Amino acid sequence: GLVFAPFAAEYPGLAAHFGEVKFDAERNFWSAIYDFSGKAGHANWRIQPLEFCEELSVSFAGRPDLPPERATPALSQELLTAQPPQSEEGSGHSMAKIPQTRPPPPP
């Protein structure tokens with residue numbers, strides 16, 4: 001099945017890139033998964049356990065003036081188990097009643 005985890009990377013200029021596109025890292029919908037083949041009582045996806053999550057860090061050799069920047073919350077068990085934020089926009093209307101089941105929290 002599909003496995004999901006939040007974006008966990010840092011690199012020089014990341015905060016500026018997020019700002020340019022008005023991306024609010026505190027309102028990340030990484031876990032708001034819509035399961036198009038959903039079944040009641042069964043999720044077709046799961047959340048990656050923290051011990052298997054990886055963080056990417058990019059730096060430039062010889063450029064200590066450009067340290068990696070983190071623009072998102074650090075990976076934690078709390079982040080992995082938090083409910084997705086509520087959207088402030090319309091979520092549309094479904095043509096079919098497809099049940100949505102969240103997987104159990106990762107260990």
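I counted 2 helices and 5 strands in the protein chain; helices (H or I, at least four residues) and strands (E, at least two) are DSSP runs, numbered from the N terminus. From the N terminus on, I read the order as β-β-α-β-β-β-α. The radius of gyration of the protein chain is 17 Å, well over the 13 Å that the globule rule gives for 107 residues, so the chain is more spread out than a compact globule. That radius is taken over C-alpha atoms, and the rule is 2.2 Å times the number of residues to the power 0.38.

I noted that this is a predicted model, in which local features need pLDDT of at least 70 and side-chain atom pairs count only at pLDDT 80 or more, while totals for chains, interfaces and linings use all residues. Residues are numbered from 1 along each chain as its sequence is written, and side-chain values use heavy atoms, with hydrogens and water left out.

Next I looked at the sheet. An open sheet of 3 strands runs in the order β4-β2-β5, with mixed pairing; two strands pair if DSSP finds at least two bridges between them. The edge strands, β4 (56–57) and β5 (69–70), each pair on one side only. Strand β2 (residues 9–11) pairs with β4 in the parallel sense over 2 bridges. I found Glu10 opposite Ser57 in β4.

Last, I checked the box and the burial. The C-alpha atoms fill roughly 55 × 30 × 20 Å along the principal axes. Of the 107 residues, 22% count as buried, meaning under 20% relative accessible area (1.4 Å probe, protein chains only).

Definitions and conventions: Buried < 20%, exposed > 50% of the residue type's maximum accessible area, 1.4 Å probe, protein only.
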